[in-house]
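Subject: Structure handover

Hello,

Here is the structure I promised to pass on. My notes on what turned up in it follow below.

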Amino acid sequence: MLGAEIDLMPNEKMILASNPHWFYFWKQVAAAAGVIGLLLLLAAVDVDWLNTVIGWLVIIAVIVLVLDVAYQFVQWKTTRFAVTNQRVAYQSGIFRRQGVSIPLNRINNVNFSQSAIARMLNNGIVTIESAGETGDSVFENIPDPERVRAVIFQQVEADEQADSDRDAAALAKALRDQQAVAPADSPVPATERLAQLDHLRAQGLVTDEEYQAKRQKILDEL
């Protein structure tokens, strides 16, 4: 289906998605201006044989322009740039599809560039530096590239925080499981329990009040 959304993976949410900026059609606009110029020339010239030549040129130019516009529109419609809560994705192509998928945890940096004209049109280039063999990925004709850059950074930070929360939750569960199976006559040393408590506090899994209360309880048991 033309313009189909990028397929999402389980638990993946779409944050931002768009087709290329309308500046994608600048060549077709220039070609249309050329056709208009031929029509004006046809109206101004009063030589039969020259009018015939220009008339055929106009007909051929219009046919080629219509076909090219139709093809480029389908190409534009099937090109998608998206940012999700897990990756940056890009896909394009009509018959031969191609795409790029960059996980958020592999993104090292995001840059954007705009010429003076591109700034007026709110269009630009987004370059993503990522770890791996692919190196930099360059995406052209991106609408509002500065906002896109900000959105990607927000999702990278959110992904890092989610990974940290998952790691902390897994550690806390492991500590609880360890304490649950530990023999009654071989309790966990107080120094280790204090270290575990400090780690839980650093991960934000216990409040300051809970931390102080549990720490005092451990100290009282010494």
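The side chains of E12 and R87 meet in a salt bridge, with 2.7 Å from N to O. Please keep in mind that this is a predicted model. A search of the whole structure finds 1 salt bridge. E12 sits in the segment before β1 and R87 in strand β3, so the pair ties together parts that are 75 residues apart in sequence. Are the two partners buried or exposed? E12 has a relative accessibility of 7%, under the 20% cut-off, so E12 counts as buried. R87 is at 10%, and therefore R87 is buried too.

Next, the sheet. 4 strands form an open sheet in the order β1-β2-β3-β4, and the pairing is antiparallel. Which strands are at the edges? They are β1 (14-18) and β4 (98-103), each of which pairs on one side only. Neighbouring strands of this sheet are turned against each other by 10° on average, direction ignored. Between β2 and β3, which run antiparallel, there are 4 bridges. R80 stands opposite Q91 in β3.

Now the core. In soluble globular proteins, nonpolar side chains tend to be buried together. Here the largest nonpolar core has 16 residues. Which members touch the most others? They are F81, V83, V88, I107, I128, V148 and I152. At least two core residues come from each of β2 (80-84), β5 (107-113), β6 (123-130), β7 and α4 (145-181). α4 gives the most, with 4 residues.

Two residues are worth a look for their contacts. The lists leave aside neighbours within four places in sequence. I107 is in contact with V88, I102, I128, E129, S130, I152 and V156. Q155 lies in helix α4. Its relative accessible area is 14%, so Q155 is buried. What does Q155 touch? Q155 is in contact with I15, V83, T84, N85 and L104.

Last, the aromatic rings. A search of the whole structure finds 6 aromatic pairs. One of them is F23 with W26, which is stacked: 6.4 Å centre to centre, with 20° between the planes. F23 is partly exposed, at 28% relative accessibility. W26 is also partly exposed, at 46%.

Y90 and F139 make another pair. Their ring centres are 5.3 Å apart and their planes are at 45°, so the pair is tilted. Why tilted rather than stacked? Stacked needs planes under 30 degrees apart and edge-to-face needs over 60, so 45° falls in the tilted class. This pair links distant parts of the chain. Y90 is in strand β3 (residues 87-92) and F139 in strand β7 (residues 136-143), 49 residues apart. Y90 is partly exposed, at 23% relative accessibility. F139 is buried, with a relative accessible area of 4%.

There is also a ring cluster. Y24, F25, F73 and W76 are linked into it by ring pairs.

- The salt bridge of E12 and R87.
- The tilted pair of Y90 and F139.
- Q155 in helix α4, with its contacts to I15 and L104 among them.

Best wishes

Notes: Residues numbered from 1 in each chain as written. Predicted model: local features only at pLDDT ≥ 70, side-chain atom pairs only at ≥ 80, totals over all residues. Heavy atoms only, no water. Phe/Tyr/Trp six-rings, centres within 6.5 Å; stacked < 30°, edge-to-face > 60°. Buried < 20%, exposed > 50% of the residue type's maximum accessible area, 1.4 Å probe, protein only. Core = buried A, V, L, I, M, F, W, Y, C linked by side-chain atoms within 4.5 Å. Contact = heavy atoms within 4.5 Å. Pairing = 2+ DSSP bridges. Axes fitted to C-alpha atoms, helices over the stretch in contact; angles between N-to-C directions. Salt bridge = Lys/Arg side-chain N within 4 Å of Asp/Glu carboxyl O.
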